[in-house]
Every structure is written in C-alpha cells, then in structure tokens.
Amino acid sequence: MSFEPKLLGFLCNWCSYAGADLAGVSRIQYPPNMRVIRVMCSGRVDPKFLIQALELGIDGVYVMGCHIGDCHYLEGNYEALRKFDMTKKLLSFVGLDNRIRLDWVSASEGVRFGEVVSKFVEDIRALGPSPLSRDNPDQELLKKVKAINMAAGTKRLRALVGRQRKITEEENVYGEKVPEEEFNELLDTALKEEYDRQRILLALARDSKSVKDLAVELSLEPSLVLEHMLTLKGRSQVDFQEIIGNTPLFMRI
Ligand code: FES
C-alpha cells in the first residue's frame, strides 16, 4: 500500500502564505499532503512547535518565510534560521532531523511553492512513515523526543539562540566578538548537556534512582550522570531522597 505522508507547514503571512495562495489561484498542481498553519512571521515558529508536531506523529514539518532581507519585521527570518538550526541539531540526536525543512518562498513564487512542497512530499515518502506515527509509535524514541522538547524550552538554550547574533556579530564592552565557530562549539555542548539532563529528569519521573541506575538506563557514563545530577540539584530540579547502603537515591522535585 502506498504511503501518504502527513505533513505540516508553518507559513509566514506576508510571503509564503501569499505564495501558497498564488499557487492556489493559479491552479498549480501539487500534492495535498501538507496542512498549513499561518503565522505572522517565520520567526514566530518556536522549536517546540516542530518537535511537538513530530511527537504527535506528523511525518514531516516545513517552515517557510520571506527571503532573507525581505522579512516584514526586518529580522524575523534570521531568528527563524537560528531556531531552526538548533531544532535540527537537537533532532539529529534521534535521527529525526531530516523530517524538518526550512525554505524561503515569496508572495510571487506560486510555482516555486508547488515545487518545494512536491519535493518535500517525495523526500518524506522515500523516508517512509515516521517511527512515531499512527497507531504504534516507538515508545523509547517517544521518550527521547519528549526530552528534546523539554530541552528546547530550557532558559539556557533559549538564551543562547536568542542572543546568538548579538554575541557573534556585535562587540562587547571590551571590543571583543565571539567567533561563530567558538559559539557553535558552545551551543553544541549546551544542546547535548540539556538533552541528557532532560532525559535524566524523565527517567526520574516515577521512581527515585541512583547514578548507576540512571547511567545504565540511559547508556551514559556514570561520571557524566553525576555531573548532571549536581547541576540539576543546583537548579532545584532533583534532590536526594534516601541513602541505601552507600548509594544515594535521587528523586525529581
Ligand atoms: S514576515 Fe515573512 S519571514 Fe518575517
């Protein structure tokens, strides 16, 4: 039986939605697999929107906005690009990064709108149904995607992505700029750390566990789990529950 992907598209009001409209009135043929959500600007698309759509079993998610330099809010699409890159990196931890896509489509590009949607449908069809889709989602993967969703909402990642342009393009009071490469390394480390920390919090949702239990369950080094536990304790997200023998058990607060 042929697989019909279920796709979701977030289209900015001023360019891409108008481009989709033009495709419609021009009677351009393209597959009807994508449901559209209109947003005022592509910069409004929070990473959590994309991750949640995948969590709910959508096979692919498209974000479209005005071409760079044409955003009606000046810098919204730069913001969209940074948020999208972060989301893609987070989703690469679980191999779902090729199910999201970002593109720029202007109000006059009705034909191009039809082409990019057709290509996306074709690519997702080649990938096959999402492992989270329909009646039998992969529960282990679902837990990891939930951790990714939680990580995307942490203050640390929001602050890093929100201030990326300022940090890498503007000089600080000492006349210094952080090179793009250095910032990316910092961001990559933060993404992995926050993802692991959210996995730990999810693993502690029902029972208290030792560092060793968590290390085995999550396939992480015990020393790394311990480091994360200290950070999470400092953030008042976990605490000691009891000590059994010589082993402290942690619980989620
Ligand atoms: S208004 Fe279209 S991307 Fe900002």
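The domain assignment of the protein chain, which is automatic or taken from a database, gives domain 1 (7-127) and domain 2 (206-253). The centres of domain 1 and domain 2, taken over C-alpha atoms, are separated by 39 Å.

A word on the basis of these values. Residues are numbered from 1 along each chain as its sequence is written. The model is predicted: local features need pLDDT of at least 70, side-chain atom pairs count only at pLDDT 80 or more, and totals for chains, interfaces and linings use all residues.

Let us turn to the strands and helices. Strand 1 (residues 7-12) runs parallel to strand 2 (residues 34-39), and six bridges join them; strands pair if DSSP finds at least two bridges between them. L7 has M34 of strand 2 as its bridge partner.

Next, the interior. A residue is buried if 20 or more other C-beta atoms, placed from the backbone, lie within 10 Å of its own. By this criterion, 37% of the 253 residues of the protein chain are buried. A nonpolar core is a set of buried Ala, Val, Leu, Ile, Met, Phe, Trp, Tyr and Cys residues joined through C-beta atoms within 7 Å. The largest nonpolar core has 55 residues, and L7, V63 and I148 are among those with the most contacts inside it. Helix 4 (residues 110-127) gives the most to this core, namely six residues. A second, separate core has nine residues, including V211 and F250.

Key
A residue is buried if 20 or more other C-beta atoms lie within 10 Å of its own, exposed if 12 or fewer, and partly exposed in between; C-beta atoms are placed from the backbone. Helices (H or I, at least four residues) and strands (E, at least two) are DSSP runs, numbered from the N terminus.
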